[in-house]
Amino acid sequence: MNRRLTYSRLVECLQSGFAWTCRFFGLLTVLGLWGIGSETLYDGHSIGIYLQVVAAILSFTELIYLVHFWLNTLIRNEQNPCLMFWTHLLWLDNWKKGILYLLLSVGCFVCPQVWMALISGAMVVVSSMMYFLKTFVDQIKDSANTERNGEGETPYSRFQERIEELTENFEDAEVNEGEFASVLPSFALAEQDEILTV
């Protein structure tokens, strides 16, 4: 049992680490795109404009999570319109972000004479693949949580069965003493007097 618990904590730590690695590499990709786009635009290549546009789109998609995390920390009211807006933007994550990145990376390979555009395209493709993998890692994490909690039940649902059982026993019991004796614990007369004095 202890070994299984240690293994599940290790897996949970690796899954969380992979999510932050995806986000960190996404931010590195954005920085690379801004730098390479500026350099190729400065050198007079028209693909620099495309790289700048892709950098702007990726900047927005990567900053969605960070802004939501920051707002969620500062604003505790879930009905706040600003927080609700950023919560809806979180829809664009994992495989959806991977598809968007993959589609945006195609334009980086159009002009093979500009080798820096190829590097930025490769970074976008790697970031896309990491987000695809993050989708599967999140599904494994969700299924493990569901399995641990008993098919979507809350951790406290196991007590609900006991409460229902006790409630049925009290509802089925009649007023006469013979049946109450099987439901309620019997106290000796001395114990009852002691309880009353307290």
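In this predicted model, the axes of helices H2 and H4 come within 11 Å and cross at roughly 170°. Helices here are DSSP runs of H or I with at least four residues, numbered from the N terminus; axes are lines fitted to C-alpha atoms over the stretch in contact, and angles run from 0 to 180 degrees between N-to-C directions. The crossing angle makes H2 roughly antiparallel to H4, a term applied to angles over 145 degrees. On the H2 side, Tyr 50, Val 54, Ile 57, Leu 58, Thr 61 and Glu 62 meet Lys 97, Leu 100, Tyr 101, Leu 103 and Leu 104 of H4, contact being defined as heavy atoms within 4.5 Å. The residues of this contact comprise eight nonpolar, one polar and two charged. In this classification, Ala, Val, Leu, Ile, Met, Phe, Trp, Tyr, Cys and Pro count as nonpolar, Asp, Glu, Lys and Arg as charged, and the others, Gly among them, as polar.

Residues are numbered from 1 along each chain as its sequence is written. Local features need pLDDT of at least 70, side-chain atom pairs count only at pLDDT 80 or more, and totals for chains, interfaces and linings use all residues, while side-chain values use heavy atoms, with hydrogens and water left out.

Across the whole structure, four aromatic pairs are found. Rings of Phe, Tyr and Trp (its six-membered ring) pair if their centres lie within 6.5 Å; planes under 30 degrees apart count as stacked, over 60 as edge-to-face and the rest as tilted. The rings of Trp 20 and Tyr 65 are edge-to-face, because their centres are 5.7 Å apart and their planes lie at 70°. This pair links distant parts of the chain, with Trp 20 in H1 (residues 2–42) and Tyr 65 in H2 (residues 47–74), 45 residues apart. Trp 20 is partly exposed at 42% relative accessible area, and Tyr 65 is partly exposed at 21%; buried means under 20%, exposed over 50%, and partly exposed in between (1.4 Å probe, protein chains only). Ring pairs join Trp 20, Tyr 65 and Phe 69 in a cluster. The charged end of Arg 23 sits over the ring of Tyr 65, 3.7 Å from its centre; the criterion is CZ of Arg, or NZ of Lys, within 6 Å of the ring centre and within 35 degrees of the ring normal.

Thr 40 is found in H1 and, at 0% relative accessibility, counts as buried. Beyond its neighbours within four places in sequence, Thr 40 is in contact with His 45, Gly 48, Leu 51, Val 114 and Met 116.

Terms used: Helices (H or I, at least four residues) and strands (E, at least two) are DSSP runs, numbered from the N terminus. Angles under 35 degrees count as roughly parallel, over 145 as roughly antiparallel, 65 to 115 as roughly perpendicular and the rest as oblique.
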